[in-house]
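Colleague: Let us go through this model together. I will ask, you answer.

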Amino acid sequence: MKPSPIHFPNYPHSLPPIPSLLTAARLLPRVQMSSSALQRAAASPTIPPLPDNLIVLGCGAVSVDYLATVAAFPNPDDKIRSINLKVEGGGNAGNALTGACRLGLKPRVISKVANDAQGRSLLAELEGDGVDTSYIVVAEEGNSPFTYIIVDNQTKTRTCIHTPGNPAMVPEELARSKLSSALDGASLAYFDGRLWETALVVAQEASRRRIPILIDAERPREGLDDLLNLATYVVCSEKFPQALARSAQHLGLGERPGGACLKRAAWDISEALGPRLASPERLFQSLAWTNAPSVSSALVSILGRLPNVKFVIVTLGEKGCILLEKNTTEASEMEETEGRLRISADGIGAVNGRLHVGTAEIISPTELIDTTGAGDAFIGAVLYAICAGMPPEKMLPFASQVAAANCRALGARSGLPWRADPRLAPFWL
């Protein structure tokens, strides 16, 4: 089958044909809103109805973030002054569920804090946003989790120094009746990989009830493999798959056609999207997750180990994201069929699905304030998109727009958009 040109609605010309591995991929344009579109959105009184089932249960980290913006990161033994200072809620699960709540969902959260000033402020902030905190364990002793975050105004990077809550949460602190109540009516369960012993108990019960499960695989953590085995959806950072992909080395897939096709695709994508992306070599390295022999082998290795997964999203920061929808077949070789990809590897079966490549919004240096919580904002939007039944070609730019909005304010939650935000209007049409 001859590849057909892929059309970019926001670009003046069609992209060149992309080789077989990405023939079925959909390159999603950067969301661009003109002033007239913003005015129409602001004037429009109609926002589509919310999904039928709004309840999402999350289990994971909540914390207090102490953020300080500095002109440049200090050298050892330096004394510097902050430019801005902010104290607000943080933690992966707390951030993602706050984002989902602002988009219209009704999240519940399972976590643990202490009955101290930080813990009380955490509960108040989550409740103020509409997150159900009745399943959070409040310890009378110990300390709530908190994080010092230094935001470098020069490099636009942040450095986090985290202090975990003490004592840590254990499964026995979540009564069976509470667990049952937390899952009643839930359309989706989300885990950020923290509190893994408790999370595993919750995930096993969610799986028994056939509630779909989304796992945030930000980085390898204790117990994460057990959670991933129950996953329906996975969102991971570009650095995470390399840890799992090392197991693909024994498959001998490094020199298979997928790797060569991806290298060629990296050149085509880089040429089509222009200088805002890294060089083709850097782009390929990101797509291949550094240590993986190729994207094809990494995806087959990861998805082959996760039999229940419907899709995996790999976030690439400013370079966008990749989503692979998967169906397992008995194919014995890689081929393209009916607009889908069939990739197989000896010993782990085959993956038959569709690859989507999403681009990120360009944020000017003057608008880019802080990337803290950008990944959590993305996941919060994905939670909403799954509940709303958004197709991948709409989900990826929607989640990227939410994450980009969050980068325009200091902290993980200040910039999270509400459902009526004009910047989200194109996705309600």
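Modeller: First a definition: a polar contact is a pair of N or O atoms within 3.5 Å; within protein, one must be able to donate a hydrogen and the other to accept it, and residues adjacent in sequence count only if both atoms are side-chain atoms. This is a predicted model: local features need pLDDT of at least 70, side-chain atom pairs count only at pLDDT 80 or more, and totals for chains, interfaces and linings use all residues. Residues are numbered from 1 along each chain as its sequence is written, and side-chain values use heavy atoms, with hydrogens and water left out.

Colleague: Which backbone oxygen does the side chain of K112 reach?

Modeller: K112 sits in strand β6, residues 112–114 (strands are DSSP runs of E, at least two residues, numbered from the N terminus). Its side chain comes to 3.5 Å from the backbone oxygen of A168.

Colleague: Is K112 buried or exposed?

Modeller: Buried means under 20% relative accessible area, exposed over 50%, partly exposed in between (1.4 Å probe, protein chains only). K112 has a relative accessible area of 10%, so K112 is buried.

Colleague: Which side chain joins that of K112 in a polar contact of 2.9 Å?

Modeller: Contact means heavy atoms within 4.5 Å. Beyond four places in sequence, the contacts of K112 include V62, I136 and P145. The side-chain partner at 2.9 Å is E173.

Colleague: How many residues of α12 are buried?

Modeller: Helix α12 covers residues 392–406 (helices are DSSP runs of H or I, at least four residues). The helix is mostly covered, and the buried count is 13 of its 15 residues.

Key: The expected span of a helix is 1.5 Å times one less than its number of residues.
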